Structures are given as C-alpha cells and as structure tokens.
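Dear colleague,

Please find below the structure that I am handing over to you. My findings follow directly after it.

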Amino acid sequence: FMRCLCLKIGLSLVFLGMVWPTFGNVAESVPVFVSIVPQRYFVEKIGGELVKVSVLVKPGASPTTYEPKPNQMVTLSKANIYYAIGVPFEKVWLKKIRAANPKMLLVHTEKGIEKRPVKAHHHGEGNQKIPEKRRQGPADEHQGIKDPHIWLSPPLVKVQAQNILDALLLVDPRHRAVYETNYRKFIVELDALDTHIRGIFAGKGEGVAFMVFHPAWGYFARTYGLEQIAVEMEGKEPKPADLKHLIHHARERGIKVIFVQPEFSTKSAEAIAKAIGGKVVPANPLALDWANNLKEIASKLKAALK
C-alpha cells in the first residue's frame with residue numbers, strides 16, 4: 001500500500017512539474033510601455049493580468065514637453081511593446097526609445113484615425129476672428145497642428161483597442177483566446193459608455209459651446225455635437241486683446257464655466273471666469289479611471305450648458 005501511495009505521489013509531483021511552468025509563464029506578464037496614463041487603462045482592459053504596463057508621462061506632467069527619466073529608459077530597454085499615441089513629446093523621443101530597445105515592437109495606436117487640425121478660436125484683435133487661411137493650412141504651419149487627444153472619444157478608442165490587440169497577439173500568441181475575449185468585452189463597454197454620454201447630451205441641440213483652457217476636448221466635442229472654445233492655443237497664453245475677445249464671446253454664448261486641467265496655469269481662465277461671473281472647473285483628460293472620468297466630465301459639461 002505504501003509503495004502504491006508513494007508511486008501516486010511521485011507521479012503527481014511529476015505531473016505538477018510538467019504543468020507548473022505553464023502557470024509560471026502566465027505569471028511572467030508581458031512588459032509594456034505606454035506614453036500616457038489613459039493608455040494604461042486600455043491596455044489593461046485587453047491584456048488583463050497578462051501584461052505589466054508602465055507609463056512614461058507620469059500624472060501631473062505634460063505630454064507636450066515631457067522628457068523621459070534615465071531610469072525609465074533603462075526599464076524601456078526590457079519592454080516587449082511600446083504603444084505610442086501621437087502626443088507631441090513622441091516626435092523627439094520615439095527614435096531614442098527605439099534605439100534603446102531595437103527588438104521592442106513599436107505600435108502606433110493612432111493608426112487608422114484621421115487626426116484633425118486644432119481649431120483656432122477668436123484669438124484676434126478686438127472682435128476679429130483668426131482668418132480662415134490661418135486655420136486651414138499645411139501641417140508645418142501653426143493652423144495645421146493636429147489634435148493628438150484621440151483618447152477622449154470612445155468611438156476612436158475602439159480603433160486604438162484593435163491596434164493594441166493586434167500587437168499583443170503578435171508578441172504573445174499563446175494567449176490569443178484571453179486577449180480576444182477581453183477585447184470583445186472592452187468593445188461592449190465602449191459602446192455602452194458612448195450610449196451613456198449621448199444620453200447625457202440628448203436634446204441639448206447642436207453646436208452648444210463650452211470653454212476650456214487647453215484644447216484637449218475637440219474629439220469629445222465632435223463626437224457629441226458640442227463646440228470647444230479654447231483659451232490657450234499652441235501652448236501660448238492669450239494676450240490682453242485675446243482675453244477681451246474671449247470674455248466678450250463667452251458672454252455672447254452664455255458660457256459660465258471654464259474647464260482647466262492640472263498641468264496648466266489657471267490664471268487666464270480665472271480672469272475670464274471673474275469677468276463673466278462664472279467659475280473654473282477641473283477637467284483632467286489624463287485620468288487613469290478613464291471611463292468614469294469621461295462620465296464625470298460629461299455630467300459637468302451638461303450642468304455647465306444649462
């Protein structure tokens with residue numbers, strides 16, 4: 001009896017020894033880097049526990065001017081995937097990031113998305129608007145700057161999700177079923193979020209305007225039939241004449257709220273709010289809790305539009 005028992009135990013240990021490496025490999029998650037915090041939300045929705053996501057631009061930093069830290073470059077050298085999204089700092093740093101890890105898969109999650117020029121608003125002398133030729137020009141001119149904030153529109157995130165999935169399947173094909181299942185669930189969540197936000201703005205009419213300091217909400221505005229009016233353009237604070245016109249325009253449109261994000265000064269926004277008897281309200285386009293953040297912003301906007 002004891003010999004049989006020992007034999008069974010021995011066979012069980014051999015079996016576990018054969019199976020355990022599989023579970024061990026599952027625990028060894030795919031090291032992934034992303035440019036901004038919301039991308040971490042997207043990648044983790046699809047990759048789940050099979051990915052370990054590091055974010056290059058930390059909360060409170062600006063994706064426009066960010067410079068990676070030396071320790072981040074060291075960690076990047078061990079990553080399997082880098083998910084770019086087209087934010088400004090990438091123009092300078094993607095080549096250096098690729099050089100630090102030539103074997104890493106570099107994925108442009110904005111692939112398949114037509115980026116639109118940032119729309120300029122009323123930064124002119126007195127009551128003059130910026131001429132049309134200054135708003136619709138080639139990409140190397142100010143008016144041709146493409147809006148990078150594609151992560152703030154759920155339908156555009158669906159495109160990014162497909163690009164994220166494709167890369168994971170390429171790097172880690174063993175877990176195709178897990179990634180594809182998670183991807184389908186995420187798409188359902190995105191559709192539900194889109195429907196929810198459309199419901200928030202239902203019946204408000206087309207072209208209702210809201211004012212922001214930094215023009216981060218252009219794609220969100222287009223998706224839900226709103227108009228974004230920016231205080232700051234091209235990284236520049238408005239001049240006194242611009243402030244005067246923005247105040248006049250806000251009064252004309254009945255705007256009482258100016259939305260600001262943590263990375264930027266609120267001085268100009270506060271000056272406009274004071275002049276129109278309005279208020280400054282925080283709106284963070286780089287929050288990690290992406291879906292709930294969009295719901296919260298939509299509710300704040302709806303309240304501001306009343």
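T109 counts as buried, at 1% relative accessibility; buried means under 20% relative accessible area, exposed over 50% and partly exposed in between, with a 1.4 Å probe and protein chains only. The residue is placed in the loop between β4 (105-108) and α5 (132-135). Helices (H or I, at least four residues) and strands (E, at least two) are DSSP runs, numbered from the N terminus. Leaving aside neighbours within four places in sequence, T109 is in contact with Q39, Y83, A84, I85, Q160, N163 and I164, where contact means heavy atoms within 4.5 Å.

Please note that this is a predicted model, in which local features need pLDDT of at least 70 and side-chain atom pairs count only at pLDDT 80 or more, while totals for chains, interfaces and linings use all residues. Residues are numbered from 1 along each chain as its sequence is written, and side-chain values use heavy atoms, with hydrogens and water left out.

Overall composition

The protein has 11 helices and eight strands. Of its 306 residues, 48% count as buried. Among contacts between residues at least 6 apart in sequence, 65% join residues at least 24 apart.

Aromatic pairs

A pair of aromatic rings is described by the distance of the centres and the angle of the planes. Here, rings of Phe, Tyr and Trp (its six-membered ring) pair if their centres lie within 6.5 Å; planes under 30 degrees apart count as stacked, over 60 as edge-to-face and the rest as tilted. The count by this rule comes to 11 aromatic pairs. Y41 and F42 make an edge-to-face pair, because their ring centres are 6.2 Å apart and their planes stand at 85 degrees. Both residues are buried: Y41 has a relative accessible area of 15%, and F42 is at 1% relative accessibility. F42 also pairs with F186, and this pair is tilted, with 6.1 Å from centre to centre and 35 degrees between the planes. The pair links distant parts of the chain, since F42 belongs to helix α2 (residues 37-47) and F186 to helix α7 (residues 176-200), 144 residues apart. F186 likewise counts as buried, at 1% relative accessibility. Y41, F42, F186 and W290 form one aromatic cluster.

What does Y41 contact, leaving aside its neighbours within four places in sequence? The residues are F186, L288, D289, W290 and A291. Y41 is placed in helix α2, and its C-alpha atom is separated by 9.0 Å from that of A291, 250 residues apart along the chain.

Charges over rings

A charge sits over a ring if NZ of Lys or CZ of Arg is within 6 Å of the ring centre and within 35 degrees of the ring normal. K96 lies over the face of W93, at 4.4 Å from the ring centre. R222 lies over the face of Y219, at 5.4 Å from the ring centre.

Helices α7 and α11

The axes of α7 and helix α11 (residues 290-304) come within 10 Å and cross at roughly 10 degrees. Axes are lines fitted to C-alpha atoms, for helices over the stretch in contact, and angles run from 0 to 180 degrees between N-to-C directions. The two helices, α7 and α11, are therefore roughly parallel to each other; angles under 35 degrees count as roughly parallel, over 145 as roughly antiparallel, 65 to 115 as roughly perpendicular and the rest as oblique.

On the α7 side, the contact is made by L190, L193, H196, I197 and I200. On the α11 side, W290, A291, L294, K295, A298, S299 and K302 take part.

Nonpolar cores

A nonpolar core is a set of buried Ala, Val, Leu, Ile, Met, Phe, Trp, Tyr and Cys residues joined through side-chain atoms within 4.5 Å. The largest has 78 residues, of which Y82, Y83, W217, F220 and W290 touch the most other members. Leaving aside neighbours within four places in sequence, F220 is in contact with L152, S153, I197, F201, L226, L294, A298 and L301. Another core, of 17 residues, lies apart from the largest one; its members include M211, I229, I255 and V260.

V257 lies in strand β7 (residues 257-260) and is buried, at 9% relative accessibility. Beyond four places in sequence, V257 is in contact with M211, K279, V281 and A304.

Yours sincerely
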